[in-house]
Amino acid sequence: MALIPRLDIAALDALELDPSTKGLPYDAPRLTVGAVGRQGWSLLDGDLPLPVAVIREKALAANSAWMSAFTAQNDVVIAPHGKTTMSPHLFDLQIADGAWAITAATLQQVGVCQRFGVRRVLLANQPVGTQAIDACFRALKGDDAIELYCLADNPDGVAMLAEGARRNPPPGGNPLRILVEMGFIGGRTGVRTRNGALELARAIAAAPGLELAGFECFEGMLPTAETADGLIDDVAAMALAAMQEGLFRSDAPVVISAGGSAFFDRVVERFDSVAFPLPVLRVLRSGCYLTHDVIAYATAFERIVRETSLKLPEGGLEPALEVWAMVQSRPEGGRTMLTMGKRDVSHDAGLPVPLRWYRPDGSMTAPAEIAAGHSVVALNDQHCHMITPLDSPLRTGDLVGFGISHPCTTFDKWSLLYLVDEDYRVTRGLKTFF
């Protein structure tokens, strides 16, 4: 299994930030991305405008190392969802910790990966339309060529890809590699039947310029580990059937993959239960593990720790991504308004959770854990409604740090996040490309 090289972080650090970038101080000088960490800024000293999104460096590094150890101990590799963060700095951390590839969801995301030197990309979607398909084949050529995988789930889509290969013949040794996507009734994309999947695999294997690389699914939409098992089993069964028919023409291992962060233990367990006649590469695509959260994935990880039969590394995943806001007003008893809203923090998988608070007047040396009884009940575009006990110590001008649920939809609200140490001093700027 060939790993991929580290990224061109120097080119990323050299990018100049627009002074109007959300998260930069009002009168910040013109800065490059790489200069952000040299400004001596501190969240607690009031150097950053609120709201602001920060990632605790220590927790981030621990999460990345934990997943690296997990994959090594359980004979799997990871192609983490880059679409979660769209931060090449964080891609580079994942690659340093052994990522086999970076997963993208759109051609724009593929372009970002290619721009900063990701050499293997898994496009976890079926490209459709001439522009998208031609872009896939252009990515296979030139000095910055990548090894590109994409999905297919219907005959018309495969026909479009085959026509794209005729328009743009890929170079020898670097075909467009296709994974047949398995789906489920009521789900998103994906072939709904095993017979349909096998027919699709035959069509891919017969198309010049395309290569049948394996089978995959996204099980994260399913409600329980037990329901996810059936879809994961479909992937393994179809890979086995295609092997028995001799549809794989390459000497590379057959890729079998699943994509969510909630059931990655079951993916490994179910794949391990099948004896394949050919070498296989078991690929996880979890992305949210890197920053974790305090609701959805925290609950999912508790189940994994409680139920899994796999070897787990020491420690565990911990929330690293926080959004900080300021108390703006306490207009009525039991209700506090803060300077944070839907444009700043995820709310699709649970409202943010207040974790700690800080008064920036010199009376506190560090943030304090926030007491029970403080909870977010609503978000407007730019305001946060938080229920607070009548005796809450919070007052106008205090800082409150929130944990989030579903990292994907917090990251996409920020083109610049800050990596911070345990004292909330900025150590690096993290540029995103949504």
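Analyst: Happy to! A cavity here is a set of points, on a 1 Å grid over the protein atoms alone, where a 1.4 Å probe fits but cannot get out, and its lining residues have an atom within 4 Å of a point. Rolling a probe the size of a water molecule over the atoms shows where empty space is left. Grid points are joined across faces, edges and corners, and a volume is the space filled by probe spheres set on the points.

A word on the source: this is a predicted model, in which local features need pLDDT of at least 70 and side-chain atom pairs count only at pLDDT 80 or more, while totals for chains, interfaces and linings use all residues. Residues are numbered from 1 along each chain as its sequence is written, and side-chain values use heavy atoms, with hydrogens and water left out.

Counting cavities of 30 Å³ or more gives two. The largest cavity has a volume of about 70 Å³. Around the largest cavity you will find Glu181, Met182, Gly183, Phe184, Gly187, Arg188, Thr189 and Arg192, together with Phe218, Met221 and Leu231. That lining splits into five nonpolar, three polar and three charged residues. For these classes, Ala, Val, Leu, Ile, Met, Phe, Trp, Tyr, Cys and Pro count as nonpolar, Asp, Glu, Lys and Arg as charged, and the others, Gly among them, as polar.

Now to the second largest cavity, which holds about 40 Å³ of space. The residues lining the second largest cavity are Ser261, Phe264, Cys288, Tyr289, His292, Tyr297, Phe301, Ile304 and Leu317. Helix α10 (residues 296–307) gives the most to this lining, with three residues. Helices (H or I, at least four residues) and strands (E, at least two) are DSSP runs, numbered from the N terminus. By class, the lining of the second largest cavity has seven nonpolar and two polar residues, with no charged ones.

Of its 434 residues, 57% count as buried, meaning under 20% relative accessible area with a 1.4 Å probe and protein chains only. The C-alpha atoms fill a box of roughly 70 × 45 × 35 Å along the principal axes. A compact globule with 434 residues would have a radius of gyration near 22 Å, and the 23 Å of this chain agrees; the radius is taken over C-alpha atoms, and the globule rule is 2.2 Å times the number of residues to the power 0.38.

Methods. On a 1 Å grid over the protein atoms alone, a cavity is a set of points where a 1.4 Å probe fits but cannot get out, and a pocket is an open set with protein on both sides within 12 Å along at least five of seven lines; lining residues have an atom within 4 Å of a point. Buried means under 20% relative accessible area, exposed over 50%, partly exposed in between (1.4 Å probe, protein chains only).
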